[in-house]
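Please look through the sequence and the 3D structure shown below. The paragraphs after them go through selected parts of the structure in turn.

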Amino acid sequence: MAVGTARNEPTAPVWWRTDVVRWLVFSLVCAGGSLGLSWVGPVVPLPAPLRGTGLLLAFLVLPLASSLVPVLFLRRVPRRQRKMAWQLIVPLMAGVAMGIFGDAAGDEVALADRGVWTEAVVVRMDDSGTNHCDLRAVDGGEITPSLSEGDGCHDWVSKGDRLRVRYDPAGVASPTDDPHGGSDGAFLGTLFAVAVVMGTWGGVRQSRWDRAYDGR
């Protein structure tokens, strides 16, 4: 009589569905956190310490977690033999991009909601790297943060020039001279979807490698 080898592991379709759900939820948390934490800072607005913490999580911690956590879940594979699925590079890069562009999108929403147009004077122009202009309203009111090159601090701007800008009275969102603003909604949505899909795919591959390792 043939004796079968009984195993407690679930059949392939069952563990595959479990892995997909697990890594899908994990990827949604990481990608959504990178986008949401960077976007919400200027929109609420959050105090500087909280916004800085949120940006750190959005730019660095969550993107790294989206790639490194699936590798750390390789419990059966010895550390020296562990590897990372190439798919996991995508959520890392997409997470960093969502942190950067999500913050810019949050600035646009904040300015659209509470922004004020005013005439401003350039009190200092820093062109040592990327241009930044320190501004002050003509009535003497302070305008913070500084105006970036992409938002109106061009090469031909110099100290004493007058600019018409829209700024955030709360001093959180970056000012701009663009009356219309740009929308990154479609781009951010694409980054989010790609990060979730590739993160889920990579996580499932990592789990499959772990199950397939037999110690030889």
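**Strands, loops and a cavity**

Leu163 is located in strand S4; helices (H or I, at least four residues) and strands (E, at least two) are DSSP runs, numbered from the N terminus. The model is a predicted one, in which local features need pLDDT of at least 70 and side-chain atom pairs count only at pLDDT 80 or more, while totals for chains, interfaces and linings use all residues. Residues are numbered from 1 along each chain as its sequence is written, and side-chain values use heavy atoms, with hydrogens and water left out.

Leu163 has a relative accessibility of 16% and counts as buried, where buried means under 20% relative accessible area, exposed over 50% and partly exposed in between (1.4 Å probe, protein chains only). Not counting residues up to four places away in sequence, Leu163 touches Thr118, Glu119, Ala120, Val122, Leu135, Leu147, Gly152 and Val157; contact means heavy atoms within 4.5 Å. Cys153 is ten residues from Leu163 in sequence, and their C-alpha atoms are 9.3 Å apart in space.

Leu163 also belongs to the largest nonpolar core, which has 13 residues. A nonpolar core is a set of buried Ala, Val, Leu, Ile, Met, Phe, Trp, Tyr and Cys residues joined through side-chain atoms within 4.5 Å. Val122, Cys133, Leu135, Ile143, Leu147, Leu163 and Val165 touch the most other members. At least two residues of this core come from each of strand S1 (116-126), strand S2 (132-137), strand S3 (142-148) and strand S4 (162-167). Leu135 is in contact with Ala120, Val121, Val122, Val123, Ile143, Leu147, Leu163 and Val165, again leaving out residues up to four places away in sequence. A second, separate core has seven residues, among them Ala94, Leu191, Ala195 and Val196. In soluble globular proteins, nonpolar side chains tend to be buried together.

Asp168 sits in the loop between S4 and helix H4 (185-212). Is Asp168 buried or exposed? Asp168 is buried, with a relative accessible area of 1%. A polar atom of its side chain lies 3.0 Å from the backbone nitrogen of Ala170, and the side chain of Asp168 reaches the backbone nitrogen of Ala173 at 2.9 Å. Beyond four places in sequence, Asp168 touches Leu111, Arg114, Thr144 and Ala173.

Thr144 is joined to Pro145 by a cis peptide bond, with omega about -10°, and Pro145 is in strand S3. A cis peptide bond also joins Val44 and Pro45, where omega is about -10°; Pro45 is in the loop between H1 and H2.

Gln87 is in the loop between H2 and H3 and counts as buried at 1% relative accessibility. Apart from neighbours within four places in sequence, Gln87 is in contact with Met198, Trp201, Gly202 and Arg205.

The last topic is the cavity. On a 1 Å grid over the protein atoms alone, a cavity is a set of points where a 1.4 Å probe fits but cannot get out, and lining residues have an atom within 4 Å of a point. The count is one cavity of 30 Å³ or more. The largest cavity has a volume of about 50 Å³, a volume being the space filled by probe spheres set on the points, which are joined across faces, edges and corners. Its lining includes Ser27, Cys30, Leu62, Pro91, Met98 and Ala195. Helix H1 (12-43), helix H2 (48-72) and helix H3 (89-114) each give two or more residues to this lining, and H1 gives the most, with four residues.

How values were computed: Polar contact = N/O pair within 3.5 Å; in protein donor to acceptor, adjacent residues only side chain to side chain. 1 Å grid on protein atoms, 1.4 Å probe; cavity = no way out; pocket = protein on both sides within 12 Å on 5 of 7 lines; lining within 4 Å.
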